[in-house]
Protein chains: 2
Amino acid sequence: MKESAVAERQPAVQAARRIEIHQDGQIRGQVRAVVDAVLPEVDGGRFAAKAIVGRPYVVRAHCFADGHDRIRVRLQWQADEARNVHEVEMEPEGNDVWTASFTPPQIGRYAYTVTAWVDAFDSWRHDLARRDDIVDVRVALQVGALLVEEAADRARGDDRRDLKRWAATLARSATSELGLHALQAIADDADLVRIARRHPDRRHEARFGEERQLVVDPERAGFSSWYELFPRSASPEPGRHGTLRDVQALLPYVAGMGFDVLYLPPIHPIGRVNRKGRNNARVGADGDVGSPWAIGAAEGGHTEILPELGTLDDFRALVEAAREHGIQLALDIAFQCAPDHPWVKAHPQWFRHRPDGSVQYAENPPKKYQDIYPFDFETDDWRALWDALKGVFDHWIAQGVTIFRVDNPHTKAFPFWEWAIGEIKREHPDVLFLAEAFTRPKVMHRLAKLGYSQSYTYYTWRNSKAELIEYFTELAHGPGASYFRPNVWPNTPDILHERLQSGKRATFIARLVLAATLSSNYGVYGPAFELMEHQPREPGSEEYRDSEKYQLRRWDLAAARSLSALMSHVNAIRRTNPALQSNDSLAFVPVDNDQLIAYLKHVDGNAILTVVNLDPDRAQSGWVDLDLGLLGLDGQRPYVVHDLLDGQRYEWRGGRNYVLLRPEVSPAHILRIEGSGRTERDMERFQ
Amino acid sequence: MKESAVAERQPAVQAARRIEIHQDGQIRGQVRAVVDAVLPEVDGGRFAAKAIVGRPYVVRAHCFADGHDRIRVRLQWQADEARNVHEVEMEPEGNDVWTASFTPPQIGRYAYTVTAWVDAFDSWRHDLARRDDIVDVRVALQVGALLVEEAADRARGDDRRDLKRWAATLARSATSELGLHALQAIADDADLVRIARRHPDRRHEARFGEERQLVVDPERAGFSSWYELFPRSASPEPGRHGTLRDVQALLPYVAGMGFDVLYLPPIHPIGRVNRKGRNNARVGADGDVGSPWAIGAAEGGHTEILPELGTLDDFRALVEAAREHGIQLALDIAFQCAPDHPWVKAHPQWFRHRPDGSVQYAENPPKKYQDIYPFDFETDDWRALWDALKGVFDHWIAQGVTIFRVDNPHTKAFPFWEWAIGEIKREHPDVLFLAEAFTRPKVMHRLAKLGYSQSYTYYTWRNSKAELIEYFTELAHGPGASYFRPNVWPNTPDILHERLQSGKRATFIARLVLAATLSSNYGVYGPAFELMEHQPREPGSEEYRDSEKYQLRRWDLAAARSLSALMSHVNAIRRTNPALQSNDSLAFVPVDNDQLIAYLKHVDGNAILTVVNLDPDRAQSGWVDLDLGLLGLDGQRPYVVHDLLDGQRYEWRGGRNYVLLRPEVSPAHILRIEGSGRTERDMERFQ
């Protein structure tokens, strides 16, 4: 243990206390109400929680006061730029937890907090109703008359007039000959209560010590279907390098499958120095096209387009055409440079150098990546580096891009992301960022806290029933649920999971349905996925053989084996069923078979029960245990479950029902629960 | 939803961010390490955690950096008044969690935080050890020479000289003919590593955004055995009102039972107006002594002593004599007034008034407590009220009192407690406060956060095996464990639980052993407890019949039925076994019988397994499943479990062993696990 200089002291705690019971340096000693917690919260207010525009956002607070007096509690929320603070009365749900919700009207940053006060009027009513001594009740009515008189003084117009009248009535009744219950009835008059509660005495209200920050994103941040393709393989002619115009020609195909985000790997000039060959060969052959992630060459860097793909005009046209198909384009941002990237010469100080003066290539000994130079975030010129990197986003935003998939953000300095995403969303709150960080849990969570709108997950490696239940329960209901938005992929250009290497159709379908129904955000790497591409580069590898990362491929989109029709169907089901457009309601449902997984999502009366057979080789059956109460279903009456995949309807009774899934027919049911009066009416909206 | 004026914005979040990557208004853009969490924490730093002087305090932090560089992490701690910040190197325990501990040398307030930096030297060593290319290794040695040179520039004296020499050695070796492993060995030299790590480059270190506050209390805050008695009943002569001198005469009895806190109900003058009679009769008879909690009469209020009990000199003598017996006196502070309390006349503004001008007595309609006036914490004169109430503590502290048991703190304004306890502990950090708040969980936790050193619990109402396991797991390991210190009581003057009303000896013993071994802080209300007093005031009541709260009692301390000998024994076991002096290590142990509960506590090789038969009527037996690994025991070798209650020793083998408890013999084992080499050696210290 050593001693060092005195640490700066941090004012957060004192600051947090100021508003609760201090104000302008004075203690507010008459404050009796307590706001003990305001949830959701992320690291005690250090980071923002996330919400979706137009969707109710539920806030809970732990509030109480000393003794048995009644309190009233209000949620206060405010858009960052707005002048006005909105207030919503919170209702008690027991155990000193109060709840309310608000619906953010537009995207952007918000703040919310909670205020509470001991309410003299409510306390008075509560006591009065319990008094059994006529003498006390008469006294209490006099007290009430004074309270209502004070409320009148706080009111204006009609309310003031009405309250004055009520005060007189109470005073009069106090001396009347009326009996106990008659007197109590007067004090409990609905008019009196409604009007008086509009003018509470809040002089001694308590406000929570911290504001909670909230980032409100566009709907697509919470509900999106991603399709990734390599423009280089988009050409219909064998051998010809695909172009952005070829991609544009594929838009009807992608939109037809129901995807609303089209994600392109890097489209920039590709380095020639140390260019990799096919199947990641250390040295490429002539004509090899190299890896799109080896960014930068004579033609330019992160703000240029690979000439073989086309021009900036072609790109703008693609963005525009995509929008007409209801598709947003997502660009891949990989902050690293090929040795011939213009920045390497222009800004050598942005890179580490070796003693011989050469630039330090990427390495993780003993592995070396000589085609890639990482940035040195410890450079004294970091300010210019940060500006240049942010400038890359700005450049593509100016071309109409609103979604960025960021490559390996966990290998760049974390403070940069907090700054860059914060700045960009301040200027363009509609822009979304997907973090491609397949790394340790706390690192992935940090990136989400720093501002990433969505995050890749471990889904690809969660295959057993137990793994899926544990992981998706954590994602939907764990501590990260308020800021970490999962985006789940059955495959990526880097990850061909062993299960898919079997090439079994039932496995591909099961993994697609799981992704599309467990998570409101999901994506596939196509056409490899729908064409069930499944050859690994070598046994035990998760890399694709002849991967598009290093060469052109040509895909037979019309192949009979294609899953594209099924994918269109699944995405249509997602679009028409709100339950599948968020994860908050995810609840796993017991099935007495380890090869069958079942889970329920329900929103506003739309209830979807998905059942998947995880065994691609054998039919599996079992009994599903539904909690009908949760669904507001009557256990006595039969109800209909409607398989949206094959259109079949089944009549179920009670909570426990039989399911059988034959992999060769379909490994999954996506069952909409219909037929209970309530549910059916609400259903019509979505049919 | 209504709109109101703009809310003041709260700077906590910005403040919290300042230190992490901002300093003097500048972003520290080169900071790459991240401190994501520092634990324990209470409400994001809003409140202090609690520790015991002289006991190691364990801190965990979540730390990492971008990429694969190595980081170093240090815990920084500081006594509030101290100039120096102490630093402790933290060690990784996996999953990006780092841990270290420090032992607070004295009582008082402390603060701690965590700092982390990307360590160039450690990263260099880590990479070098993995390189398999001799050329790279030579280059790396040149890099290392520069790093060590820089370390030398940060060092002084011998270290500087040694590092200069090492830098030269590394540079030389880089150009030598030595082979791969020889070169790696040089860079890994223990001397080089030790010295170089003493002089790290911390220019870009990250510090956590908030300081964690810590209150370090005297040992008795964490380990105490309380005995409550009514001085009024302390007289050995029938009918005579007990005195403080009588209490002094009882000190050998109390000390003999091994209690170290003697708690007295209020000793102040008792109101005569509306004085309650025996068994809480609405109207007392002449000569009734009234309730000690109806405080204040002509003779004075909270700073006076009831004349029948004696004088202030008697009181000081009692405090002194108690100290000589190793006992601290705890006073009961009940902030409420009898109608004839001097403050009622002197400070009418401290009380609520009814429309007829009379003072508002305590009530919870339809219940009325006309012998009690509560304070009005909303009075405009609150400042004077707060000062007067704090003055009560100050007065008794001046008489040598260091422990206060506060009556119903949850019926007084919470901000008052934070202020008063904060002020008092600033002046007298050794003073302890026990919160007598039998109320809702969040309210009890708030009081603990505000500064109460110990808290009463629901123990009295937790009787089944499942209830006890759930509740004590929460107390020992739940979110409140860092600030809520339980003090558990099998009985109090207000709570004679139905189970004890049976009067069964086995139940009294079981409840005592459970309290004394599950919780390091516990207490009993005696002599009612050891004499197994068990008559309720009426069926279904938890009040004692002929309660001392309203009348004098005389206790036959020498009665044959007395449990005092057993209590001495149990308290002696607690004193000689560190495992029973804290709750951090509490772990419940499986037993295949719902009437048997078993749990383990182990500290520094002292391991205590307690097994209790919850059935007072029948012998119960079962198999206990010990995790021997947890205890560092060898599953193959036999070991001895020593019942400290009856002195018997049993030889056990393996994890699964048989226990049988006959209530008529003893309902409990307190087994010290001995006999494994390691354990035995450590044991000797305590034998």
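Okay, a definition to begin: two strands pair if DSSP finds at least two bridges between them, and strands themselves are DSSP runs of E, at least two residues long, while helices are runs of H or I of at least four, both numbered from the N terminus. What we have here is a predicted model, where local features need pLDDT of at least 70, side-chain atom pairs count only at pLDDT 80 or more, and totals for chains, interfaces and linings use all residues. Residues are numbered from 1 along each chain as written, chains are lettered from A and ligands numbered from 1 in written order, and side-chain values use heavy atoms, leaving out hydrogens and water.

So, chain A. There's an open, antiparallel sheet of six strands, in the order 24-25-26-31-28-29. Strand 24 (587-589) and strand 29 (649-652) of chain A sit at the edges, each pairing on one side only. Inside that order, strand 28 (residues 639-643) and strand 31 (residues 668-674) of chain A pair antiparallel over four bridges. Which residue of strand 31 of chain A stands opposite Asp643(A)? That's Leu671(A).

Now over to chain B, and Asp69(B). You'll find Asp69(B) in the loop between strand 6 (57-65) and strand 7 (71-79) of chain B. Leaving aside residues up to four places away in sequence, Asp69(B) touches Arg32(B), Val118(B) and Ser123(B), where contact means heavy atoms within 4.5 Å. And Asp127(B)? Asp69(B) is 58 residues from Asp127(B) in sequence, yet their C-alpha atoms are 8.8 Å apart in space.
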